[in-house]
Amino acid sequence: MLIDSRKVPIDEIINTEICIVGAGPAGITLARELIGQDFRVCLLESGDIEFNQETASLGEGETVGDPFPPLQDMRHRQFGGMANVWNIEINKNQLGLRHVPLDEIDFEKRDWVPYSGWPFSKSHLNPFYERAQAVCKLGSFAYEAEAWENAQSPRTHFTSDRVTTSMFQFGPRDIFTNEYRHQINQSPNITTFLNANVVEIEADEAAQTVKRVQVACLSGNKFWVAAKIFILATGGIENARLLLLSNKIQKNGLGNQHDLVGRFFMDHPFIRCGMLVPQNRKIFNSMALYDLRRVNNVTVMGKFALTEQVMRREKLLNMTALLYPRDERFRSAAKASAKILFSSVRQRQLPKNVLQHLQNVITNIDDLVADWYKYNVKKEYLFPDLSHGGWSEHEGNEQKYTKFEVLSQTEQTPNPDNRVTLSNQLDKLGCPQAKLINHWGEIDICSVKRSQLVFAQEFASAGLGELQIELDGDRPVASLSTHHNMGTTRMHHDPKQGVIDANCQVHGISNLFMAGSSVFPTGGYANPTLTIVALAIRLADHLKAQLCH
């Protein structure tokens, strides 16, 4: 059943057994796992089926530290959550996301990574990963190159044990935005409330049991949901914010008796490593494994990854490298000048060296116009990128391309000073907005720079070519977010080191659980969704066992 919360009477109390807050991939997976059970489930979603800008404004917030995207972009308040903005073209007329499990080493306590270590190993999570493969509509649980290579698309062989090839798999987004919504709505034991913004978690006087949550609508009405079990599944920023907002019993927020809620924020910094210039351009005809393409009805893509051996020896963070072919005009002086001139027109201020920029544009005007027409009128992408592949299927690549751009996603160390707190600014419901404090640390920067050298040396030794590393001064060229917010309600056996225990239960609160990437103690380089889904399946099993007894 689907209900518009704006039609719920003021101060109504809705009773249920399980209340899930948030209908993104984590909340949807939990709800699906509970379909057909002999207890009631209430799924609360801040947004609607369609995107609404007024609702989206509830995600606004403040950022402090290194440059970071607007916090509103980190949370998508709509049924399906962030799945609504997954934009990788995985098949004809089908958009989706790259998936990969965390590596074994990501779960370990590493002496060179402060605060690292999960309460369990990857082998413990593997059965849930296999079930997550089916939920995300992926292929078999196989991410080794051997499972996907063939004579026409071989992996690159390296002369040392420092770099290897492994795979991404890609799954559709419409299962979370559409298909699973219909499955959930057809289940008689699940009720979904849209436009339902949780603004307070009310606990008993000892702050040991949650009694109910208050829901507020932008239309003005408020009501309550009372349950036996509550699960927050609203993302790495909002999970922490909701605990911090609920401060009537514990002044620092629920579950925050050790000042850990909101701390250890992590993302996956995105690195522009530089250009790989091949020794022989025929290489563009033999690198199909590293292109985004269909193999046995599964969309996959190969990537270069650091091995566990080199990470242990050189005390490196986890990091991967992707290759995208580029022609000689890519990031040319003409394109750079055109961007500078357009920017100056908008700002009504002449740039430095304006004559040189004009000359660059005029000299290459035909190419610039052709690219503009192709991209803006014909709506074709100009070159392979994070959202488009298929380049290996074309003929004449050795004439078309001259180099590879090397892009990387890397691990960020958990740092207690990187944190989500409450801002002094209020949202439209009168609640303090989130405030993110995030700095990229020296450990992270040094690891990326050393890893770039490892990739460069191994690429050269394998005959791939010369990696011309790009730096911004003495720092890597980086964007600090790929919208993978993690770590703010981290998992740890010890309540003095984590917000939740190994079962995702908030320490000290008998019936409050967390789902999503906020529970990650460390995040590796891997896109978090497959792990989010696996942990949600695991949590659903735990809750079913509790309620059945």
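I looked up D161 and found a salt bridge with R313, the closest N and O atoms being 2.9 Å apart. I count a salt bridge when a side-chain nitrogen of Lys or Arg is within 4 Å of a carboxyl oxygen of Asp or Glu. D161 lies in the loop between helix 3 and strand 8 (163–172) and R313 in helix 6 (residues 308–314), so the pair ties together parts 152 residues apart in sequence. Helices (H or I, at least four residues) and strands (E, at least two) are DSSP runs, numbered from the N terminus.

This is a predicted model: local features need pLDDT of at least 70, side-chain atom pairs count only at pLDDT 80 or more, and totals for chains, interfaces and linings use all residues. Residues are numbered from 1 along each chain as its sequence is written, and side-chain values use heavy atoms, with hydrogens and water left out.

By the salt-bridge rule I get 28 salt bridges. I checked E411 and R110 next: their side chains meet in a salt bridge (2.8 Å, N to O). Both E411 and R110 are buried. My cut-offs are buried under 20% relative accessible area, exposed over 50%, partly exposed in between (1.4 Å probe, protein chains only). D161, at 32%, is partly exposed.

Then I turned to helix 1 (residues 25–33) and helix 4 (residues 174–185). Their axes come within 10 Å and cross at roughly 30°. Axes are lines fitted to C-alpha atoms, for helices over the stretch in contact, with angles from 0 to 180 degrees between N-to-C directions. I note helix 1 as roughly parallel to helix 4; under 35 degrees is roughly parallel, over 145 roughly antiparallel, 65 to 115 roughly perpendicular, and the rest oblique.
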